[in-house]
Amino acid sequence: MRDRLLETPSQTAGPYVHIGTAPQSIGRPPLINQPGPVIESNTGEAIVIEGTVLDGAGAPVRDAMLEIWQADGLGRIGEFGLFGRTVADFSSGLFRFQSVRPGAHAQGHAPHVALLIFARGINIHLHTRIYFPQDLEAMEQDSDMKRLEPEARETLIAREAGRNEAGLPVYRFDIRLQGAGETVFFDI
Amino acid sequence: MTTDFYRRDRAQHPAPYAPGYKSTVLRAPFRPLHALEQTALDKTGPALGHAPLGPLDHDLIRNAATTGDALGERIYVFGRVLDENGRPVPNALIEVWQANAAGRYAHVRDGYLAPLDPNFSGCGRCVSDADGRYLFRTIKPGPYPWPNNGSDWRPAHIHLSIFGEAFAQRLITQLYFEGDPLIPLCPIVNTIADKSAVDRLVARLDLRNQEPFDCLAYRFDIVLRGRRQTHFENRPEGL
Ligand SMILES: [Fe+2]
């Protein structure tokens with residue numbers, strides 16, 4: 001006999017997620033203390049993470065909402081952890097965060113960013129991770145990464161993609177929801 | 001802070017691939033989820049529910065008003081945020097969005113012919129108190145049609161996004177209203193196989209908590225994932 005309550009079931013965020021989570025993206029004023037795509041932190045190297053969520057037909061998911069949660073540049077979490085939220089561009093589907101490259105927050109774990117994806121047609125949010133190409137050595141020692149097939153691991157590593165107009169290094173991270181090159185999603 | 005959360009019981013959640021809801025067909029992953037141990041990162045989260053909100057964020061009847069109150073059936077939606085162990089979750093941030101009383105969203109992409117309400121944006125937020133209690137005031141949203149299997153109709157619903165204390169508890173869902181005949185006909189509701197799970201998404205009319213001669217009340221409790229317990233811990237009371 002189960003002596004616990006049952007978690008409230010998830011439902012899709014739907015196509016109008018912007019109203020409640022990113023009103024500035026539909027031309028309304030942002031609310032007080034509303035999280036957004038730019039994370040300010042002087043604890044590490046400022047970076048841009050951008051990409052597209054692609055469906056099983058290779059089309060961009062233009063109504064996605066994405067959230068990241070990561071250690072700061074010094075590997076600190078808890079009250080120092082960094083959170084950001086962004087939405088896909090209505091026409092191109094491109095999403096973009098500005099953050100800092102995270103430090104390692106625990107022994108045996110390569111630095112990474114936790115990423116959640118919400119959208120119409122996604123009934124329960126998808127959880128994945130973004131790793132960085134500079135941390136390949138740490139990934140060799142990472143117990144989670146070690147258990148993935150090489151091609152699956154590859155889907156979690158952002159690609160260096162030059163610098164933006166402001167001179168910040170850009171990391172490209174595309175998410176394939178389904179089929180060839182499908183991103184690894186986690187049950188955590 | 002280091003105790004793990006119970007694994008998510010996916011049978012309580014909608015199936016990712018649910019062809020009755022057509023948008024899932026190209027958006028549901030083919031491969032099974034890869035189970036991981038929780039790291040310290042997963043077991044902490046942003047303290048969004050500790051930051052002050054705007055004074056009218058919880059009041060959708062007034063927070064976008066220009067000429068007067070929003071039109072529609074005036075309601076409170078209230079309840080408690082608990083974890084699976086039955087403990088209150090304080091400082092949970094609840095963000096809500098919804099259609100207006102006519103079933104129209106104030107969103108550039110909603111082309112439904114029903115009228116907009118110039119006094120309603122459908123956006124609100126609130127935070128749970130020390131006992132996990134939350135409340136917002138709004139109008140009951142209208143049902144609306146959407147293209148799926150021809151013209152399907154959504155039951156009246158409010159979208160909710162909830163942050164507990166840890167990223168592992170993150171949840172977005174929708175609440176429905178007791179007695180709505182559209183609930184069992186909805187392809188999105190029916191992505192959840194277990195009817196008793198659907199029932200836990202239905203807010204209940206609660207006349208005792210009405211505002212007399214002003215506004216009805218609907219109760220909706222929210223359960224987030226809880227942390228694993230040791231056998232030595234006492235069961236919380238009231239379960
Ligand atoms: Fe909706």
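Tyr144(B) has a relative accessibility of 9% and therefore counts as buried; the term stands for under 20% relative accessible area, with exposed over 50% and partly exposed in between (1.4 Å probe, protein chains only). The model is predicted: local features need pLDDT of at least 70, side-chain atom pairs count only at pLDDT 80 or more, and totals for chains, interfaces and linings use all residues. Residues are numbered from 1 along each chain as its sequence is written, chains are lettered from A and ligands numbered from 1 in the order in which they are written, and side-chain values use heavy atoms, with hydrogens and water left out.

Tyr144(B) is one of the protein donors of the iron ion, which are Tyr105(B) through OH, Tyr144(B) through OH, His157(B) through NE2 and His159(B) through NE2, at 1.9 to 2.2 Å. Donors are N, O and S atoms within 2.8 Å of the metal (3.2 Å for Na, K and Ca); water is not among the atoms, so sites may look incomplete. The angles among the four donor atoms run from 93 to 163 degrees, and the site is irregular. Four donors are tetrahedral if all angles lie between 85 and 135 degrees; four are square planar and six octahedral if opposite donors are over 155 degrees apart and all others between 65 and 115; anything else is irregular.

Along the chain, the donors of the iron ion are spaced as Y-x38-Y-x12-H-x1-H. Tyr144(B) lies in strand 6 of chain B and His157(B) in strand 8 (residues 157–163) of chain B, so this pair ties together parts 13 residues apart in sequence. Strands (E, at least two residues) and helices (H or I, at least four) are DSSP runs, numbered from the N terminus. His157(B) is buried, with a relative accessible area of 2%.

Next come the aromatic rings. Rings of Phe, Tyr and Trp (its six-membered ring) pair if their centres lie within 6.5 Å; planes under 30 degrees apart count as stacked, over 60 as edge-to-face and the rest as tilted. The count by this rule is ten aromatic pairs over all chains. In one of them, Phe132(A) and Tyr171(A), the ring centres are 5.2 Å apart and the planes stand at 90 degrees, so the pair is edge-to-face. Phe132(A) is in the loop between strand 6 (126–131) and helix 2 (136–140) of chain A, and Tyr171(A) in strand 8 (residues 169–172) of chain A, so the pair ties together parts 39 residues apart in sequence. Both Phe132(A) and Tyr171(A) are buried. Tyr105(B) and Tyr144(B) also form an edge-to-face pair, with 5.2 Å from centre to centre and 75 degrees between the planes. An aromatic cluster is formed by Trp69(A), Phe83(A), Phe163(B) and Phe167(B).

Arg170(B) lies over the face of Phe163(B), 3.7 Å from the ring centre; a charge sits over a ring if NZ of Lys or CZ of Arg is within 6 Å of the ring centre and within 35 degrees of the ring normal.

Which cysteine sulfur is closest to that of Cys123(B)? It is the sulfur of Cys126(B), at 12 Å, too far for a bond. A disulfide is a pair of cysteine sulfur atoms within 2.5 Å, and the count over all chains is zero.
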